[in-house]
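This report describes helix geometry and helix packing in one model. Please view the chain alongside the text.

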Amino acid sequence: MAWLTRFLTAVAFLAVGVIFSPETFGSISDGSISPILSTSIKLAHLLCFATAWGTALWVTFIGGILMFKYLPRHQFGNLQSKMFPAYFSMVGVCCAVSAAAFGYMHPWKSATTTEKCQLGFLVSAFAFNLINLFVFTPMTIEMMKHRHKVEREENIGNEIGGSKNQEVAKKNPKLAAMNKKFGMIHGLSSLINLMSFGVLAMHTWYLAGKLSL
């Protein structure tokens, strides 16, 4: 994770530099950017935003639910522990690039209130994914591993779909306490993920308003 931390930090600083000092990178506040550069930056914004949006939509509402329904619960948890760091990393980088590209095309000093709000949405999505990546995901994985160990001692965790956890937890105070803590951490992580998805959804509305069909 050390290389990933350094990489995301570099991306974040670059994005902030582009947003608040676009002139340094060749953007002029009166909008006089070469057509090729303008199209390239718009393409980077669109591709990165679409990747972030599509990935968040699939993982949050489709992929995760299907895996939960059809995989043994411990297998599902172990897969999620590998998938979510990659998920939050990719979406975070895409949001950073998308925000930087948007900020480059709409310099802060000359941007409208609407454009500043949209930039705020993209930066917020980036921040939400960083919080999940570096705070809640490690905590969730660590708690999940401890809970899996206790569940294996109780011979549960290999069931598909429905869980025997709650029934066993009534007789096992240690498991009950773990469930409570895991539920709180996982709930906060899920809430932040939904908030990230929500602000990305706001940007889709903005982009839709720019289309000319």
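## Bend in helix α3

In this predicted model, helix α3 bends by about 30° at Met-83. Helix α3 covers residues 73-105, 33 residues in total. From its first C-alpha to its last, α3 reaches 46 Å, close to the 48 Å expected at 1.5 Å a residue.

The structure holds seven aromatic pairs. One of them joins Phe-84 and Tyr-87. Their rings are 5.7 Å apart, centre to centre, with 80° between the planes. This pair is edge-to-face, because an angle over 60 degrees between the planes counts as such.

Phe-84 and Tyr-87 both belong to helix α3 and are three residues apart, about one turn of the helix. An α-helix has 3.6 residues a turn, so residues three or four places apart point the same way.

## Packing of α2 with α3

Two packed helices are described by the angle between their axes and the distance between the axes. Helix α2 (residues 35-70) packs with α3 at an angle of about 155°, and their axes are 8 Å apart. That angle makes α2 roughly antiparallel to α3, because angles over 145 degrees count as roughly antiparallel.

The crossing of α2 with α3 is left-handed. The contact of these two helices comprises 23 nonpolar residues, eight polar and one charged.

Helix α4 spans residues 113-153 and has 41 residues. The distance from its first C-alpha to its last is 57 Å, close to the 60 Å expected at 1.5 Å a residue.

Where is α4 kinked? The kink, of about 40°, lies at Phe-136, shortly before the proline Pro-138. Asn-155, which follows α4, has a positive phi, near 60°.

## Packing of α4 with α6

Helix α4 packs with helix α6 (residues 173-210) at an angle of about 160°, with 8 Å between their axes. The two helices are therefore roughly antiparallel.

What is the handedness of the crossing of α4 and α6? The crossing is left-handed. By class, 21 nonpolar, 12 polar and five charged residues make up the contact of α4 with α6.

Key: Residues numbered from 1 in each chain as written. Predicted model: local features only at pLDDT ≥ 70, side-chain atom pairs only at ≥ 80, totals over all residues. Heavy atoms only, no water. Axes fitted to C-alpha atoms, helices over the stretch in contact; angles between N-to-C directions. Helix = DSSP H or I, 4+ residues; strand = E, 2+ residues; numbered from the N terminus. Parallel < 35°, antiparallel > 145°, perpendicular 65-115°, else oblique. Left-handed = near helix turned anticlockwise from the far one by under 90°. Nonpolar A, V, L, I, M, F, W, Y, C, P; charged D, E, K, R; others polar. Expected span 1.5 Å × (residues − 1). Bend = angle between axes of the 7 residues up to and from the residue. Phe/Tyr/Trp six-rings, centres within 6.5 Å; stacked < 30°, edge-to-face > 60°.
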